[in-house]
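Student: Can we go through this one together? I'd like to start with a helix and then look at charges.

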Amino acid sequence: MEREKQRIQELQTLKLIAETLNEANDLEEMLQAVLKQLMQVMKLQCGWVFFVNEKGDFSLVADYELPPALTWGNKKPMCEGDCWCLDRCKDGRLQRAANVIECKRLEDAIEEKWGDTNGITHHASIPLRAGEEKFGLLNVAAPHKTHFTSEELALLEAVAYQIGTAIKRIKLVENEQKLALLAERNRLARDLHDSVNQLLFSLLLTARGAKEMTEDENMKDTFTYIQQLAQEALHEMRALIWQLRPQGLENGLASALKHYGNMLGLKIDIDIQGVIDLPNEVEECLWRVGQEALNNCKKHAGISTVYIVISVQSNKVKMSVHDQGCGFHYIGENTLSLGLSSMRERVTSLNGEIHIKSTIGEGTTIQVMIPLKRGRG
Ligand SMILES: Nc1ncnc2c1ncn2[C@@H]1O[C@H](COP(=O)(O)OP(=O)(O)O)[C@@H](O)[C@H]1O
Ligand SMILES: [Mg+2]
């Protein structure tokens, strides 16, 4: 009778765990909650979860009732150093729920007299994964427990599978949200560029034209004023559009340009000379200029490969974006074209130079040079 009651209680807890995993949207909250439920159903004392990234770096993402020996100094023993379970996880030896592993962290703790271990010396280690993808480890322990039955291990493994699937689901959702946000910002920026921007631009030209058509000085002043206002609005709008575009520079300029080009459906042939270690504003400028140059290649050049060269020297950085497309007749610095003039504006604001060369039927090259201040740290 007692046994049956216990069984029912276990099943209820397992159902609760499944519910938690099913409903959670926050990774750490979910792991924390599930860990606690798991400890209760298995009558264990403490547990923790390590995530391990592709590089092999680990981090503690959840823990429950760790002994004092492992929690001192803001859980210092859990955040650094190596241990046998992580070694096994990294080199692929830990495929299934491993039986008990002696805990190197606790052994160190005893040796170094870090504090009370609550009688814990061993723990079971269970890999967390979804399909082939590995996320990390679930470790559980109880005082003086040096053996886990095969039934216990099977249960741990079953829960670990569910946790792995839930982690995967949350990661996918997070990724999806990020992509949706980027897509939305891009769409907004594009819409503003194509609609409001073009209207303001027409307004500017109309005011300019109207000014020429009248002899009345008051009218001329009014049209000049309208023209100025339109110009200002254009500037504001342009700044807004640039701000809206996603950053994308987290992995560096070269990778950002390559990805951006690929996203547009272009093949990017990129050649880097020197080490790209640029001040933020220079990197940002090259990124924005590069983006617009790639947009133009996609929109106007009619080719699929773009050649980018970035060369960093001690006192300057040069970037060229070259395509062998249809080319166009470039009228020079006074162009009213928004994309080209905002490239120029960006580069000159950093005391740089820009050369736009284009030959009909042969292609286009945008060359940018930005000086770097000496003595930068
Ligand atoms: N790589 C290129 N190949 C061919 N034509 C180009 C290229 N870049 C720019 N152009 C021409 O220069 C014009 C001005 O470009 P831009 O100022 O970026 O404005 P937009 O791209 O909004 O038309 C384009 O409309 C196009 O005719
Ligand atoms: Mg353009």
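Student: Which residues of α11 are buried?
Tutor: The buried ones are Leu338, Gly339, Leu340, Ser341, Ser342, Met343, Arg344, Arg346 and Val347. Buried means under 20% relative accessible area, exposed over 50%, and partly exposed in between (1.4 Å probe, protein chains only). Helices are DSSP runs of H or I, at least four residues, numbered from the N terminus.

Student: What does that say about α11?
Tutor: Nine of its 12 residues are buried, so α11 is largely enclosed by the rest of the structure.

Student: Where does this model come from, and how are things numbered?
Tutor: It is a predicted model: local features need pLDDT of at least 70, side-chain atom pairs count only at pLDDT 80 or more, and totals for chains, interfaces and linings use all residues. Residues are numbered from 1 along each chain as written, chains are lettered from A and ligands numbered from 1 in the order written, and side-chain values use heavy atoms, leaving out hydrogens and water.

Student: New topic. How many salt bridges are there?
Tutor: The structure holds 12. A salt bridge is a side-chain nitrogen of Lys or Arg within 4 Å of a carboxyl oxygen of Asp or Glu.

Student: Which residue does aspartate 191 pair with?
Tutor: Arginine 187, with the closest N and O atoms 2.7 Å apart. Both lie in helix α6 (residues 150–194), four residues apart, about one turn of the helix.

Student: Is aspartate 191 buried or partly exposed?
Tutor: Partly exposed, because its relative accessible area is 32%.

Student: And what does lysine 104 meet?
Tutor: Its side chain meets aspartate 82 in a salt bridge, 3.4 Å from N to O. The pair links distant parts of the chain, 22 residues apart.

Notes. Helix = DSSP H or I, 4+ residues; strand = E, 2+ residues; numbered from the N terminus.
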